[in-house]
Amino acid sequence: MLTKSFGSKDSSDMLSEELSDDFDLESFAGNIAPTEDLLNGNNDAPIIKLINGIISQAIKQRASDIHFEPYEDQLIIRFRVDGILKEVLSQDSRIASLVIAKNKDYF
């Protein structure tokens, strides 16, 4: 499944950006607007890049788990680090179903 997701050169370039030390998850997430195009599924790249960035940050922070918590008006992402849940990102709730669906594709 990972080969299918990351088999192309474009995908590997995109993945390496999220793994770099310079990648700012909050800044990138702030630039994702839940527009009609994104919600219609015409372009999954921003969601995939967001998920890759979340996983990369979790690894860097040595998180034991990642929590995706969808609420009525926001999606909160938390990492468990040293037994403590720490909020790392809050996004518009309209992208929650996209993020969760892509996570199901990965795992």
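# Close-up views of a predicted protein chain

**Figure 1. Overall architecture of the protein chain.** The model shown here and in the following views is predicted. The secondary structure comprises six helices and three strands. The chain has 107 residues, of which 37% count as buried. The accessible surface comes to about 6,600 Å², with 49% of this area belonging to carbon and sulfur atoms. Among contacts between residues at least 6 apart in sequence, 47% join residues at least 24 apart.

Figure 2. The three strands form an open sheet in the order 1-2-3, with antiparallel pairing. Strand 1 and strand 3 stand at the edges and each has a single partner strand, so one side of each is left without a neighbour in the sheet. On average, neighbouring strands are turned by 20° against each other, direction ignored. Strand 1 and strand 2 are paired in the antiparallel sense over six bridges. Within this view, Phe68 stands opposite Ile77 of strand 2. In general, strands of a sheet pair through backbone hydrogen bonds, in either a parallel or an antiparallel manner.

**Figure 3. Salt bridge between Asp65 and Arg80.** By the distance rule applied, the model contains four salt bridges. One of them joins Asp65 to Arg80, with the closest N and O atoms 3.1 Å apart. The pair links distant parts of the chain, since Asp65 belongs to strand 1 (residues 65-70) and Arg80 to strand 2 (residues 74-81), 15 residues apart. Asp65 has a relative accessible area of 26% and is partly exposed. Arg80 also counts as partly exposed, at 25% relative accessibility.

**Figure 4. Salt-bridge network around Arg78.** Glu69, Arg78 and Glu87 are linked in a network of salt bridges. In the bridge between Glu69 and Arg78, the closest N and O atoms are 2.7 Å apart. In the bridge between Glu87 and Arg78, the corresponding separation is 3.9 Å; this pair is included because the cut-off for a salt bridge is 4 Å. Side chains of opposite charge can pair when their charged atoms come close.

**Figure 5. The largest nonpolar core.** This core contains 20 residues, and those touching the most other members are Leu50, Ile54, Ile77, Phe79, Leu89 and Val99. Two or more residues are contributed by each of helix 3 (25-30), helix 5 (45-60), strand 2, strand 3 (84-92) and helix 6. Helix 5 gives the most to the core, with five residues.

Figure 6. Val99 is located in helix 6. Its relative accessible area is 1%, and Val99 is therefore classed as buried, the limit for this class being under 20%. Apart from residues up to four places away in sequence, Val99 touches Ile47, Leu50, Ile51, Phe68 and Leu75. Val99 and Leu75 are separated by 24 residues in sequence, while their C-alpha atoms are 9.3 Å apart in space. Val99 is also one of the core residues that touch the most other members.

Figure 7. Asn103 is found in helix 6 (residues 96-106). With a relative accessible area of 10%, Asn103 is buried. Leaving aside neighbours within four places in sequence, Asn103 is in contact with Ile51 and Phe68. Both Ile51 and Phe68 are likewise touched by Val99.

**Figure 8. Loop residues with positive phi.** Most residues other than glycine have a negative phi. Arg62, which is not a glycine, has a positive phi of about 60°. Arg62 lies in the loop between helix 5 and strand 1 and is exposed, with a relative accessible area of 71%. Asp82 likewise has a positive phi, near 55°, in a residue other than glycine. Asp82 is placed in the loop between strand 2 and strand 3 and counts as exposed at 74% relative accessibility.

How values were computed:
Residues are numbered from 1 along each chain as its sequence is written. This is a predicted model: local features need pLDDT of at least 70, side-chain atom pairs count only at pLDDT 80 or more; totals for chains, interfaces and linings use all residues. Side-chain values use heavy atoms; hydrogens and water are left out. A salt bridge is a side-chain nitrogen of Lys or Arg within 4 Å of a carboxyl oxygen of Asp or Glu. Helices (H or I, at least four residues) and strands (E, at least two) are DSSP runs, numbered from the N terminus. Buried means under 20% relative accessible area, exposed over 50%, partly exposed in between (1.4 Å probe, protein chains only). Contact means heavy atoms within 4.5 Å. A nonpolar core is a set of buried Ala, Val, Leu, Ile, Met, Phe, Trp, Tyr and Cys residues joined through side-chain atoms within 4.5 Å. Accessible areas come from the Shrake-Rupley method with a 1.4 Å probe; for residues, only the protein chains shown count as cover. Two strands pair if DSSP finds at least two bridges between them. Axes are lines fitted to C-alpha atoms, for helices over the stretch in contact, and angles run from 0 to 180 degrees between N-to-C directions.
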